[in-house]
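Work through the exercises below with the sequence and the model open. Each task is followed by a worked solution.

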Amino acid sequence: MNDIQEQIARLSEEIHRHNYYYYMLDDPKISDYDFDCLLQKLIDLEKQYPEYVLPDSPTQRVGGTITKQFASAAHIYPMLSLGNTYSEGDLNEFDARVRALLDGSMEYVCELKYDGVAISLIYEQGVLVRAVTRGDGTRGDVVTDNVKTIGSVPLRLIGDYPDMLEARGEIIMPFQSFEQLNAEREEIGEQPFANPRNAASGSLKLQNSAEVAKRGLSFKLYYALGENLPENNHYDRLRKLHEWGFRFPDVMEKKPDIQGIMDFVHIWDVKRKELPFPIDGIVIKVNDFAQQQQVGSTAKSPRWAIAYKFKAERVSTPLLSVDFQVGRTGIVTPVANLKPVNLAGTVVKRATLNNRDFMRDMDICEGDYLFVEKGGEIIPKIVGVNMEHRQMDASPVPFVEYCPVCGSQLQQNEGEAGVFCPNELHCAPQIKGRLEHFISRKAMNIDSLGEGKIDLLFAQRLLHDAADLYDLTYDRLFGLEKVVEDDNGKSRVLSFKEKTTQNILKGLEQSKQVPFERVLYAIGIRFVGEVTAKKLARKFHDIDTIANATKEELMAVEDVGERVADSIIQYFNNTENLRMVMRLREAGLQFEVGESETPVSQKLQGMNIIVSGVFTIPRDNLKAIIEQHGGKNVSSISKNTTYVVAGEKMGPEKRKKAESLGVPILSEGEFFALLD
């Protein structure tokens, strides 16, 4: 080994040691600055001498690997799901069933039920070689490069570790990381994640591991598997894993009986509010491995463990006022401004009141205290009124009669709960909402723009409709800026610099290749969603034919009823809409079906086909091929299903149902042979 190799090996070992002190022992030995200096020194050396980079180098924490498609891998041991209950009575029954199967004394282990993404970590010779998601329990996605960026996942074990080890746990997103991520997403106009679990799952599937490294994910250990592992019980084995470099579970206690379990449940139903990360219950396991084997498992779940899930947390807080927000389609949504209250680890200040009928049925009055609840979700919802605080002279909160933005009188369609502003072409939030819809991922997918940038361009009077986007130039964009303020009153400057401006123009140019069916969806005809737009495009082939179609011709298209047909006719009877479509066509957008969208054959005509699993081509491409040959994609199996096209990870329940109904199951190869 030469001097450079020795230096890299020595630095790597030192950084691994400091990572262990920091993440596993909460006992850092050096400052963050000193640690960053060590890491940067190693990064510089590895860049200069890439041939000496170690497979478990701590520099992998910062990511940088790009993954276009995740491979799948079979689990060495099936990843079973736990049976769930919300009832203490069920816990008593669980205890009785277990004790009936066992002779002699026994004990349980109680742990927190982390609310995240289950993961399997495979170590060979002490080095992390593979990280696999639960998937369907038998196979999962390989996300090793992304998991290596998580600081609490040891890349290299220490001590007397075995040749092979599988450590299982949960990838979670702490509340602080979650709130920071959502703030950043809202800042650039992206939809915030609903809860930390969704955020953790979405982060783990990012294609760029460097982005995963920024998400602040954490790993929580809960089980270990392998041949000839030390210790004969779950508690002591996890203690052993702690010696090998894992962090011991935050809370883990042995209990001799059901009373001890109940005490643990009651304590943590209250104390969970103090935790910096999300949990949704308690897991109870038989501690002794021999007794676990004796109690056994079903095909889906171990009989020796159960998850007690907490009921949705509910609080009562005063209603301060009600705002009325106008959406893209003009629908007016009431939003309750609440006295800030802590709920499941976050501060809740606002919650939707849905619509006028909801407010009336809930009988919401001025000065009321409202019950707010969050089940497994972070987005709070109003579930009732605390009548104990109702004032004697309380009057119902009035619903606005006129648009709070443009002043137009609100309307309500027969049979619909929501009221809307009819001034669709000149009401600012509707205009901005349509622009945000136009650039969204499922429409034109112009990801260089977002809500904040659209708002700035609208404020500068550069945008009034989607066609104005294609009149934007470098000179019009470069240098634009606006001071924006977040919910906490903090200000920042949103500005269009060189790279931002070029990315926007590049995104607009690339959008001219988006196929007609998505352009039709993007222009924002009310009630014409993604699926309906696809069916209209494939029936009529171009925008002119749709614009000139009669109501009867439109209703002849599958899933187009009277309401949708009337909306399409109304859209194309509006001269401003026609002018916008004409300008978009002149800008070069696709307003007719291209060759790739044109039907190829009718070999699958009248067939209902389900696509399930992972294939050699993207599933959306496979679905497009089915439609090009006259078939129909459906989502659930029934006696009317013609075929199931099964990939590698088809769910076992879906396969079982198909077999029970006698629905033929085709492999990818058999499907293409059918077309030939």
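**Exercise 1. Helices H3 and H9**

Task: Which residues of H3 meet which residues of H9, and how are the two helices oriented to each other?

Solution. The model is a predicted one.

Step 1: On the H3 side, Glu-88, Leu-91, Asn-92 and Asp-95 make the contact, and they meet Ile-258, Ile-261, Met-262, Val-265 and His-266 of H9.

Step 2: By class, the residues of this contact of H3 with H9 are five nonpolar, two polar and two charged.

Step 3: H3 covers residues 88-101 and H9 covers residues 258-271; their axes come within 10 Å and cross at roughly 150 degrees.

Step 4: Angles over 145 degrees count as roughly antiparallel, and H3 and H9 are therefore roughly antiparallel to each other.

Step 5: The crossing in which H3 passes H9 is right-handed.

**Exercise 2. Helices H12 and H13**

Task: At what angle do the axes of H12 and H13 cross, and which residues make the contact?

Solution.

Step 1: The axes of H12 (residues 428-439) and H13 (residues 451-459) come within 10 Å, with a crossing angle of roughly 135 degrees.

Step 2: H12 and H13 are therefore oblique to each other.

Step 3: H12 and H13 cross in a right-handed sense.

Step 4: H12 brings Ala-428, Ile-431, Lys-432, Leu-435, Glu-436 and Ile-439 to the contact, while H13 brings Glu-451, Ile-454, Asp-455 and Phe-458.

Step 5: Sorted by class, the contact of H12 with H13 has six nonpolar residues, no polar ones and four charged ones.

**Exercise 3. Helices H22 and H24**

Task: Describe how H22 packs with H24, and state the classes of the residues in contact.

Solution.

Step 1: H22 spans residues 619-628 and H24 spans residues 668-675; the angle between them is about 25 degrees, and their axes are 12 Å apart.

Step 2: That angle makes H22 roughly parallel to H24, as angles under 35 degrees are counted this way.

Step 3: The handedness of the crossing of H22 and H24 is left-handed.

Step 4: From H22, Leu-622, Ile-625 and Ile-626 meet Phe-671, Phe-672 and Leu-675 of H24.

Step 5: The contact of H22 with H24 consists of six nonpolar residues, with no polar and no charged ones.

**Exercise 4. The second largest pocket**

Task: Which element gives the largest share of the lining of the second largest pocket?

Solution.

Step 1: The second largest pocket has a volume of about 1,500 Å³.

Step 2: Its lining has 40 residues, and those nearest the centre of the pocket are Glu-517, Lys-534, Arg-538, Glu-627 and Asn-633.

Step 3: Two or more lining residues come from each of helix H16 (516-522), helix H17 (530-540), strand E19 (608-612), H22 and strand E20 (632-633).

Step 4: H22 gives the largest share of the lining, seven residues.

Step 5: The lining of this pocket has 11 nonpolar, 12 polar and 17 charged residues.

**Exercise 5. The largest cavity**

Task: How many cavities of 30 Å³ or more are counted, and which residues line the largest cavity?

Solution.

Step 1: The count gives one cavity of 30 Å³ or more.

Step 2: The largest cavity holds about 40 Å³ of space.

Step 3: Its lining is made up of Ala-74, His-75, Ile-76, Ser-120, Ile-122, Arg-130, Val-132 and Glu-166.

Step 4: Strand E4 (117-124) and strand E5 (127-133) are the elements that give two or more residues to this lining.

Step 5: By class, four lining residues of the largest cavity are nonpolar, two are polar and two are charged.

Notes: Residues numbered from 1 in each chain as written. Predicted model: local features only at pLDDT ≥ 70, side-chain atom pairs only at ≥ 80, totals over all residues. Heavy atoms only, no water. Axes fitted to C-alpha atoms, helices over the stretch in contact; angles between N-to-C directions. Helix = DSSP H or I, 4+ residues; strand = E, 2+ residues; numbered from the N terminus. Parallel < 35°, antiparallel > 145°, perpendicular 65-115°, else oblique. Left-handed = near helix turned anticlockwise from the far one by under 90°. Contact = heavy atoms within 4.5 Å. Nonpolar A, V, L, I, M, F, W, Y, C, P; charged D, E, K, R; others polar. 1 Å grid on protein atoms, 1.4 Å probe; cavity = no way out; pocket = protein on both sides within 12 Å on 5 of 7 lines; lining within 4 Å. Points joined across faces, edges and corners; volume = space filled by probe spheres on them.
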